[in-house]
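Subject: Structure handover

Hello,

Here is the structure I said I would pass on, with notes on what turned up in it. Please look through it before reading further.

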Amino acid sequence: MDLLKSVELEQQKEVKPSVKVGDTVRVHVKIKEGNKERIQVFEGTVIKIQGGGVNQTFTVRRISYGVGVEKTFLVNSPLVEKVETVRQGIVRRAKLFYLRDRVGKATKVKEKIFVKEENKKVAPAKVEEAKAEEVKEEVVEAPAVEETAAEENN
């Protein structure tokens with residue numbers, strides 16, 4: 001492996017955020033003010049994803065006090081603390097530059113209904129226990145319904 005690729009691998013984050021164009025995201029960014037450091041949240045719609053590897057970026061757009069604000073973030077930047085997906089959007093374009101010309105409710109993107117996936121690793125034994133509990137609950141509920149039906153017939 002050459003020197004350039006080895007340096008790039010060191011700079012990449014282990015867990016990359018799964019961001020797609022059209023998603024509404026919350027980006028937690030580290031900001032330094034003097035000698036203090038804090039985290040600021042920037043929420044908006046992803047209008048483009050650009051590049052690949054270490055240099056991959058995504059641009060988030062939001063309307064703030066009636067003015068459109070776009071910020072471009074490096075996916076592998078140490079200043080980006082985390083990226084949360086608030087809602088997924090249904091889009092047919094790779095770049096949503098047409099949102100720049102729209103105002104108000106026209107800037108909304110259709111929402112895709114999804115289940116949030118947490119980055120938690122669950123042991124296989126715990127998954128089997130959870131499935132067993134669901135089965136037990138179903139079995140307990142079924143006889144109770146039959147008993148009430150039998151009482152109504154008598």
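Strands here are DSSP runs of E, at least two residues in length, and they are numbered from the N terminus. With that naming, S2, S3 and S5 each give at least two residues to the lining of the second largest pocket. Please note that this is a predicted model.

The second largest pocket has a volume of about 400 Å³. Its lining consists of 16 residues, and those nearest the centre are Thr24, Thr45, Arg87, Thr107 and Lys108. Sorted by class, the lining of this pocket holds 7 charged, 6 polar and 3 nonpolar residues.

The largest nonpolar core contains 12 residues, among them Val19, Val25, Phe42, Val46, Phe58 and Val83. Strands S1 (24–33), S2 (36–50), S3 (57–64) and S5 (80–89) are the elements that contribute two or more residues to this core. S1 gives the largest share, 3 residues. In soluble globular proteins, nonpolar side chains tend to be buried together.

Val19 is a member of this core. Beyond its neighbours within four places in sequence, Val19 contacts Val25, Val46, Ile49, Phe58 and Val83.

Is Arg92 buried or exposed? Arg92 has a relative accessible area of 81%, and the cut-off for exposed is over 50%, so Arg92 counts as exposed. Arg92 sits in the loop between S5 and strand S6 (111–112). Its C-alpha atom is 9.4 Å from that of Val21, although the two residues are 71 apart along the chain.

Regards

Notes
Residues are numbered from 1 along each chain as its sequence is written. This is a predicted model: local features need pLDDT of at least 70, side-chain atom pairs count only at pLDDT 80 or more; totals for chains, interfaces and linings use all residues. Side-chain values use heavy atoms; hydrogens and water are left out. A nonpolar core is a set of buried Ala, Val, Leu, Ile, Met, Phe, Trp, Tyr and Cys residues joined through side-chain atoms within 4.5 Å. Buried means under 20% relative accessible area, exposed over 50%, partly exposed in between (1.4 Å probe, protein chains only). Helices (H or I, at least four residues) and strands (E, at least two) are DSSP runs, numbered from the N terminus. Contact means heavy atoms within 4.5 Å. On a 1 Å grid over the protein atoms alone, a cavity is a set of points where a 1.4 Å probe fits but cannot get out, and a pocket is an open set with protein on both sides within 12 Å along at least five of seven lines; lining residues have an atom within 4 Å of a point. Grid points are joined across faces, edges and corners, and a volume is the space filled by probe spheres set on the points. Ala, Val, Leu, Ile, Met, Phe, Trp, Tyr, Cys and Pro count as nonpolar, Asp, Glu, Lys and Arg as charged, and the others, Gly among them, as polar.
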